[in-house]
Amino acid sequence: MSMSDSDSSSSSSYAADHKSFKQITRERLLHEMLRSAKTGDSKSTWKVLIMDKLTVKIMSHSCKMADITDEGVSLVEDIYKRRQPLPTMDAIYFIQPTKENVIMFLSDMSGKTPLYRKAFVFFSSTIPRELVMEIKKDTRVLPRLGALKEMNLEYFPIDSQGFMTNNERALEELFGDEENNRKGVACLNVMALRLATVFASLREFPFVRFRAAKTLDPMTMTTFRDLIPTKVAAGVWDCLMKYKKTIPNFPQTETCELLILDRSLDQIAPVIHEWTYDAMCHDLLNMEGNKYVHEVPGKDGVPPERKEVLLEDHDPVWLELRHAHIADASERLHEKMTNFISRNKAAQIQHGSRDSKEMSTRDLQKMVQALPQYSEQIDKLSLHVEIAGKINSIIRETGLRELGQLEQDIVFGDAGMKDVIKFFTTKEDATRENKLRMIMILAAVYPEKFEGEKGRNLMRVARLTDDDITAVNNLRMLGGQPDTKKSLTAAFGGLKFDIHKKKRAARKDRAGEDETWQLSRFYPIIEELIEKLAKNDLSKEDYPCLNDPSPTFHGSPFAGAANPVPPPQSMRSRRTPTWARPRGSDDGYSSDSVLRHASSDFKKMGRRIFVFIVGGATRSELRACHKLTGKLKREIILGSSSLDDPAQFITKLKMMTTHELSLDDIQI
């Protein structure tokens, strides 16, 4: 039996259909894999789905249990657990092509009494030839095989435009000071393979561009760390060359663009406070992944009940508000609650003659919850009112607005070390974590100031722990050797501090970008890079291409020239928080804008742009990709080894030199 990728006729039309990235992934798993097992006499029978630890995560990120059941699966099993023999049922194996998995599969299906009647085997990535031979030589297993295929799907969709390769320890294994090449090389190989399977799934052949190794001095030796994007690019390229030969209908010419970066490119984005609803939820609330736990008030004297909810795409309120500034989100939630009251007569009677404008959002929420006939409609809205209320309380209690303003002033060169010292001495109630994050931003902008006594004094003023100081030092190490940066700045001579700080701004205010809300000035570096890539302005020296692009590629009508931003919307007249400016325009990433662009016809989009960040991506970077999809009229897809919130990123920084501790041992 020859090995092949799925040869279903629909596979060649994925790119042509212009479905979203997550849709394609879901359909491949449900239709190309599960549905294809409905053949011949097995059409009416239920099946068992057997997976390993990785593939069960892949499946759970893309499909719900109801989706799997609809495709005829009645039981989901772990390949490594003892399983009950079901000799009248067929089994679908979705597993990694490892020796251990193949041994387990053969053990299930060989012998006189196999566990299942027939086996449909789908591998998550390319299977080594020697393992294919191992399967072929078992004559008892061969007649019991319904399929033996490579899905080439080994990534986790985390969003309609985002995915992970699940290399959670990439920062430690690749950027740690004890460079363990064996671990590092293994990590890069797995990452490159999983990244490549994205293109196998979407039937896309990318121009592969990567951040080139940087050395200020030609005599300085290039390190393993410097070459990380180069090595990932080479690994992806090798896989693509194999796909061109082995996968039916895989494009032979370039169809999209891939830009490979690493976390050292932008050390500020993972630690600065991002003020969108999504980022604030994950940063300020104790959430596990996308799971939020809240208390639902009991009725008739029954105590409140703890309830878990997932903040994901199936929630329309979340989908609308997730990329909105927290002040905008709060304002819209009040507006939605007010509109609900005005549309429902029973609700109007309940609150009598009081003007809804005079009532707080919380009052409106309590009033509507008292109307049982509306409970289903209001549940989701009430949930988000509660969440936004909690976030706003934390912002007030922790003085986050003032802290956030100083963070952004440091980044844009309007504040420096003196301002931070003043803040620490006057705001002693600031949390240790917030002080640590501010010092990390300062260290990213002024690494040389942390070489001597100045940096140590600042960390003492902030009362940082030894673990915290390790994190600050590792962040500097992530950006390269501080002494090389020091020699570079020395060339400017003895400039005075206030002049020097302008020279050292980590970001410049962007022309044509209206700062719609206060504290929304910050943007991640990838935003600039993606715009340059879309315009073909990205430096070919700093970001070389493995397949030299033909001049016609960017000149084609599919290149997706930047379109003008839609006209401004009406200003909101409701009371505006003092720290937020009213929304005056569609900035491309407000939630209304995201929904408009998401529902637009993908056929009008240009070629996809993929950006992959080794070492973890941030929610601000994911938000930037959604924003630019609307602005550039090209689907921008963000991939990374992991998606990290600030606390997770800081924990990983601490582990870069703390190999003997586990993730659970270190608390932020």
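Let's start at Phe163, which is buried, with a relative accessible area of 2%; buried here means under 20% relative accessible area, exposed over 50%, and partly exposed in between, using a 1.4 Å probe and protein chains only. Quick housekeeping: this is a predicted model, so local features need pLDDT of at least 70 and side-chain atom pairs count only at pLDDT 80 or more, while totals for chains, interfaces and linings use all residues. Residues are numbered from 1 along each chain as its sequence is written, and side-chain values use heavy atoms, with hydrogens and water left out.

So what does Phe163 pair with? Its partner is Phe21: the ring centres are 5.6 Å apart and the planes sit at 45°, so we call the pair tilted. The rule is that rings of Phe, Tyr and Trp (its six-membered ring) pair if their centres lie within 6.5 Å, with planes under 30 degrees apart counted as stacked, over 60 as edge-to-face and the rest as tilted. Phe21 is in helix H2 (residues 21-34) and Phe163 in strand S8 (residues 162-164), 142 residues apart, so this pair links distant parts of the chain. Helices (H or I, at least four residues) and strands (E, at least two) are DSSP runs, numbered from the N terminus. Phe21 is buried too, at 0%. Ring pairs also join Phe21 and Phe163 with Tyr155 and Phe612 in a cluster. The whole count is 13 aromatic pairs.

Now the cores, meaning sets of buried Ala, Val, Leu, Ile, Met, Phe, Trp, Tyr and Cys residues joined through side-chain atoms within 4.5 Å. The largest nonpolar core has 152 residues, and Phe94, Leu174, Tyr277 and Ile391 touch the most other members. Helix H8 (residues 181-202) gives the most to this core, with 10 residues. Apart from it lies another core of 24 residues, including Ile50 and Tyr93.

Last stop, helix H19 (residues 453-461). Which of its residues are buried? Gly455, Leu458 and Met459. Looking down the axis of H19, these buried residues fall within an arc of 95° (taken from the directions from the helix axis to the C-beta atoms), so they line one face of the helix. Their cover includes helices H17 (417-426), H18 (432-445) and H20 (466-478), where contact means heavy atoms within 4.5 Å. Just after H19, Arg463 takes a positive phi of about 55°.
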